[in-house]
Structures are given as structure tokens and as C-alpha cells.
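Work through the exercises below with the sequence and the model open. Each task is followed by a stepwise solution.

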Amino acid sequence: MKQRQYLKDYRPSDWQIPHIQMHFDVQDAHVLVHTRMELVAVGDGTQTLELDGRQMALVEIRIDGEALSPEAYQCDDASLTIKAPGARFVLESTVKLDPFNNTSLEGLYAAGGILCTQCESHGFSRITYALDRPDVMSVFNVTIEADKGRYPILLANGERNAQQELPDGRHRVSWSDPHPKPCYLFAVVAGDMACKTRPYITSEGREVDIAFYCDHGIEERMDHAIDSLVRSMQWDEQRYGLAYDLNTYSVVVAGAFNMGAMENKGLNIFNPKYVLASPETATDADFAAVEAVIGHEYFHNWTGNRVTCRDWFQLSLKEGLTVFRDQQFSADCGAGPAQRIEQVKFLRARQFAEDAGPLAHPVRPESYVEMNNFYTVTVYEKGAELVRLLHALEGESGFRRGMDLYFERHDGQAVTIEDFLAAHGDANQLDISGLQRWYGQAGTPQVKITESWDNGHYTLDCEQSIPSNPSADAVLIPIRVSLLDSRGQAMIDGQVLRFDQPQQGFSFDLPERPVPVLFEALSAPVTWDYAYSQDQLKHIVRHAQDPFSRWEAAQRLYLIMIDAAYAGTTLEDQHLDVFCEVMVGEGDGAVIAALLSPPSADELTTRYTELDPLRLSQAVDQTEAALARVLGDALATQTQNLMEHVATYAFEPAAAARRSLRARLLRLWCLRGDQQAWQQAEQLYDNSDNLTDRLAALQALNQTDAAQRDILLERFYQTYKNDKLVLDRWFALQAARAGQAGLDSVRTLLAHADFDQGNPNRVRALIGTFGMLNLSALHAQGGQGVALLAEQILVYDKLNPQLAARLITPFAGLNGLAEERAAAVRKALQEIVAQASSPDVLEQAQRILGH
Ligand code: PHE
Ligand code: ZN
């Protein structure tokens, strides 16, 4: 087992490596990597040097030009130790790599005919012997040599210097990156790809060549991504005064990729899902995601690359901050309030669940075995919420002052979260200690709010605690409130309360007793209780200014019904009658669609102790059915109204909002088992020119018994079977079928000719959808669904450990499950622990089991 790493053990490196020169010699079945590094001792130097290195064959090693005999160094499966000759020397190594059989998608690997690298977090030490840690920063020069027919395009970080033809149809290209960088940002790519370019001139007058690469024949699907990059570059110049700092910016689509994308300096590598988009092959949500991820990787150029992390415990320094920046960017591109609603849904479904269970960890973790397991919703999404919180405290101009000081102090450095907070605190004379505490404590704070009303004097009494972490200290929780009068007017409008004690009261003098609208836009990542009456919730749904708070109140109304159904009682449909007004109301269609969406079962797994997942799924379904009933005939009329004037597709906020409302209404209508609704769905499918509407039709039918469902699924398959990304949706739709039917589909599809174990997107579409989003199928048939997931995790434990370790998350709900369900999950986890071999999977399974 790998050794556990602790934050408290951090020590600066004994060695720095100012320069690294690498040469890649790409052969038919292997790659030779020659590396030349200048090592410089820090302080008086130590006489041993331990380099990281795994999964490669050492061919030769030299110090200051002299080959070392095998007695002069020690090599094990993770490192190479040398007695250093002095405080400054040159180390050269040659290693042989086998990228063609590397299914882990880390280090150098082949996918879809191209060779590419993935180094974050510790992939560089699968490419060469190195100090694989982010506080060692080097200037890199790279040459790549390969067959020109098979690999006409050879890329690395930085700028291209020279290109040279070689004998035997080979060629060589050299690149240099003037910015010192940690090795996790290193990248090379070799392959035969189509290229689309775009010139860009930065605010500083620098001429940049933007170049995007993907498979031949689908180049035009990169246009939206290229436009998004140009907008990102302009946005960072305008909002943060940050311009791009190289003359080349390349983005490569990798055939297989474990994550979303990677911000390698000047050479981003992307999951195809976040680059390729055309109306026929991507939904509105996909278009938005491309824009967000393109922005995210670009924004890393300053928050991550120019200023990087001292060690991996600081990961949220770059990720939380960069997620926050990409969220700001999307909002400025017109994403609207439905975007914040989506963010919060995701935060609650995934991050709150993580924080309440055995995989909980602080935004800055204290220890890890396998760092890849800490690219989590806590580090990313909760981390972004904390930056949002800081932004709310400082205001826009204060936040900018804090960022300016951060770059002024730390450009070119590898720093910590404290450094970031200190820059903000110093720039604004702000006490950041209440914010700092958030980073070191796991668990979602819970805020209990009660009120008193005394003759014009209104008090909100707040109490905070972390139920899963009772010894936690009070943190700073900004509560944004509005207080509505009986006509729905705000007597207090969006005031921010600074709540930083275990208990604290906030008073207001008011002409009448208000309805409080609390935590507008979710002003802090907490759960909160206030004993609303149903009438108060309806009042908020009708009158609140903040669309998010209307949605929040709607969720609470649905929850009253879901709780009742879960407990075995039923409420009158009339409980939901306010939604009749909502449906026909004016305003943003995307917000209306969100208001008409009860929480899904996967958002509620931590709500009940001794959870019975099947009963929960049923309770949610019953609530949705009640909503569809209470909307009455108007539902059909409204849906049909929205069917008319279907314009040619454009990814544009108003049109997307309309599509989203239409999709939502159609789905509710179809749930009623109405033949006419099913026919409408088929018509929408046939008449549409875009994937958004086609999927809307299929999703509307997916949980029904309509014959149209099978017919359209087959039509979809025939149309899209050669289009990998779209075919993923076909797999996901079937994996999302509720209950036994879903489990059966998953079994069948695992044997389908188009199921590809080497394509993580396909694996996630089928197994990820089943595990993460389909509680009733996962827990179907006694423990059989659970056993199937465990078996699949073991398959990827061998092939692609990072992917396997992510598929485990659905098992982390163990603590909340009713005993017989928990027993099935525990048994599956024990099986995994007995059979798994990767540290990734072992660490996760053991953490869940509490070992
Ligand atoms: N650093 C990448 C991002 O968030 C994510 C990533 C992590 C990709 C590890 C690959 C491996 O932008
Ligand atoms: Zn990132």
C-alpha cells in the first residue's frame, strides 16, 4: 500500500530544477524519453536525491555526462535514489515507455490513434524520473521525433521553435516554454488531427495563435469552443486585468479522458464532451458546459499556472477559485438565475452528501493516500462557494483589490490557501479568520433559525453547528435576507447578516410581521431550518424578488409532500396548487421549469435516517405525479402552445429557456399516461433540428410504458450510432430507467457491441448513470444492483483505477441506509477490498468502511 501523506509533514524540496530538457523518440510500439535536468541543492544540500518514477523501464542514467553503474543508485517501483555528487549537477536519464498498453489514461497514453499525456497530479513521474511535486518549477524545452505520416502533428507546451525533416519519413519538432512551471502542467501530443485556428490580439498587444485539434471531419464542431475561448480571454482581461502570456494557445481533443479537461500550460487537453458541440450533437446544457470548461481551463492560466499550489493539499487554491471564476464568466455570458439553481442542486446532491458521509474531508484535506481521490466536489464546488462567500463580503471592487494583491505578491510562486486569504484580508483590511476556519473543517454547517415578534420588533435567532462534526468551531456565515410584508413587498431587501458566533440574534424594526426570505441565492454552503408554514412558502413562491428563493420555497413545498409520502401518508394534490399560477406566469422559462421540478431522489439521500431508497424513489414519483395532476388541462394547453413556432436552433438564452420549459412540461404531461402527450413527444422528436429537443422527447417518454419510447430509442440509435458523444446519451437514457427495468437494461448494455471499456465517457454514461442517478435500479432486486456495480468497479480497478475509484461514490451513503440495504453495500465493499489492487479503489473502499 502507498504511504499516507500529511499536510503537517510538508517540507520544502531539498532540490530545485531550474531547467528540464526532454526528447521524445516515438517508435512503432514504444517511446524512448531522454531527460536532462539541472539539479541545484537548496541551502547546503543533501547528499541523497530521491526521484519519483513508476511504470517505466530505465535504460540509462548519467551524472554530469558519466553513465552510472547499477550500484550507484537504488530503484524500486516508485522511486530512484542517488547519492548526489554535489550541490549542483546535471542528471540525464533515458527511459522506455509503453503508451500503447497504458489504459490508466495517466502519464503518456495512446487513445484513438493519438499519443497524449496527463500529468496532474502525479502523472509526470510515469514519463520520466523527476521531483513530481508542484513546488518544483522548471523551464522546459522539449523535442518530439516521430513518423510524419502517422504523427504529422507534434505539440508541447509553450512556443514552437523549429521543425526538421528526418530520414525514413520521420520529423522532429521542438518547443520551449519560457514560464517556469510545475511538472503537472507538462504536456505533449502526437497524432494526425484536423486543426482549426483563430488569431487573437491581447489587451497588451500580443498576437496569439489559437489552434484547436480534433478528429478529421468534425472540425466545425469546435467553433463554439473557439468562440468561447475568445470570450474567456476578453473576459479575464476586462474583469481581472489578466492577459494571456504566450503566442500559442492549443486545445487538443483526447479520444479518452478521465476528467473534464486539463489546463497544461499553452496546451490544454480536453474530454471531447467539452469541446465538440453542434446543434445536432449537443444539448443546450452541453453548449453551456463547453463554454464553462473552456473558460475554466483558460482561467487556470493565472489561477493555477502563473500562481500555483505549494502542495496538493492546497488544490482548492486553484480549483475552488477557478470554478468560481468560470461561474462568474458563465453568468456574464447570460446564463441567468437558472444557472445558480443548477449549481445549488448539484452542490446539495453531491457535495452535501459527501460532507455528511465517510468520504467527508475539509476543503483543504489533511492527508491522503491517493491524491487522485481528492479531486472532489468538496475541493471544487464547496471551495468555489467559499470564494463566492469572500466575494460577497468584499464586494466586486474589494474582491478585485484582493486578487490584484494576490498576483502582485505571488506571481511565479507556489503558494497556500493562507497566502490567498491573506492577500484578500490585507487588501481590504478584512478579518478573514471566520472564513479561514471553513477550510479546515469537514461537514456542512446547519443553521437553525427561530424568530420572535414583539410589537414592531422582529428578531431572527440563529444557531450554527456541524452535526457530523460536533467539535467544529463557529464559522462566518453570511445570511442574505429579505423580509416581505403581507402584500409581498420587501421591507428589508437583500441585507447581508454576518453570522459568526455559535448563537446570534439579528433585530429589525418593522411596520408588520414579515415573511422572511433566508439565504438568498444560497449565500453560504449550509443547510438551514426555519419552520415555514405552507402559506408562507407559497407567499415566497409568489412574491420573492430573488428567483432562487422562489425556487427554494418551491422545493420546501415539494418536500412537505415527499416527506408525507415517504412516511406513508398522502397529502391532497391541492397542496401544490400554487404551481398552477407558476406554470402560466410570466418570466424566465428556465426558472419556471426549475420551479416545476421537485427535488430528485438522488438529492435527498441524506434526508432520512435508515433510508429506504425504493420508498424514497416512490415518494418522489408520487409527488411528481401529483404535480402533473394538479396542473390539470392547462398542462396540455401550455405544452402545445410551446410546441408552436419552433425556430431553427440557436444556443441563445431566451430560446434555450423556452426549450427547457417545453421539455419540463412535456415530461410532466407524459407522466399522466396520456396518449396525446406521447404523440406530442414523438412529433417533437421528428420535427426538431436539434439534440436538445430530441432528448427532451426521449426523456419525457423514458419512464413511461409508451410504445413510442422504444421506437424513438431505436431511431435514435440508427441515427447516431457512429457518433460517440451522442451515443453516450442512448446508453445513459436506458441506464436511467427506474427500478428493475433499469437494472436489466444495464446488464444487457454491458454486453452491447458499442459498449467500450476504454472510453470513460461511455463507462460513465452506463455505469455512472446507474450508480449515481438511479437509486431505484441500484437497489433493485435485493442486493443485485449493488453487486453488479461492485463487479464493474473491480473491472476498472485493473484497467483504469481513477475511473473505478469514482464509480464507488454511490456506496458512500452506507451510514444512512436501512440495515438490509446497508448489509448489501457492506458486503460489496468487502468484496472490493478483498479483490482490488489499485490504491485508488482500496483507499476509497476502506474509507467508506471506516477502516
Ligand atoms: N485540473 C483539471 C481541472 O479541473 C482537472 C484534472 C485533474 C484533470 C486531474 C485531469 C487530472 O481543470
Ligand atoms: Zn480546474
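**Exercise 1.** State the strand order of the open sheet that contains β11, and find its edges.

Step 1. The order is β11-β12-β17-β14, four strands in an open sheet with antiparallel pairing. Strands are DSSP runs of E with at least two residues, numbered from the N terminus, and two strands pair if DSSP finds at least two bridges between them.
Step 2. β11 (107–111) and β14 (153–156) each pair on one side only, which marks them as the edge strands.
Step 3. From one strand to the next, the twist averages 15°, with axes fitted to C-alpha atoms and angles running from 0 to 180 degrees between N-to-C directions.

The model is predicted: local features need pLDDT of at least 70, side-chain atom pairs count only at pLDDT 80 or more, and totals for chains, interfaces and linings use all residues. Residues are numbered from 1 along each chain as its sequence is written, while chains are lettered from A and ligands numbered from 1 in the order in which they are written.

**Exercise 2.** Describe the pairing of β12 with β17.

Step 1. β12 covers residues 114–118 and β17 covers residues 188–191; two bridges join them in the antiparallel sense.
Step 2. Opposite L115 stands A190 in β17.

**Exercise 3.** How much of the protein is buried?

Step 1. A residue is buried if 20 or more other C-beta atoms, placed from the backbone, lie within 10 Å of its own.
Step 2. By that rule, buried residues are 50% of the 851 residues.

Key:
A residue is buried if 20 or more other C-beta atoms lie within 10 Å of its own, exposed if 12 or fewer, and partly exposed in between; C-beta atoms are placed from the backbone.
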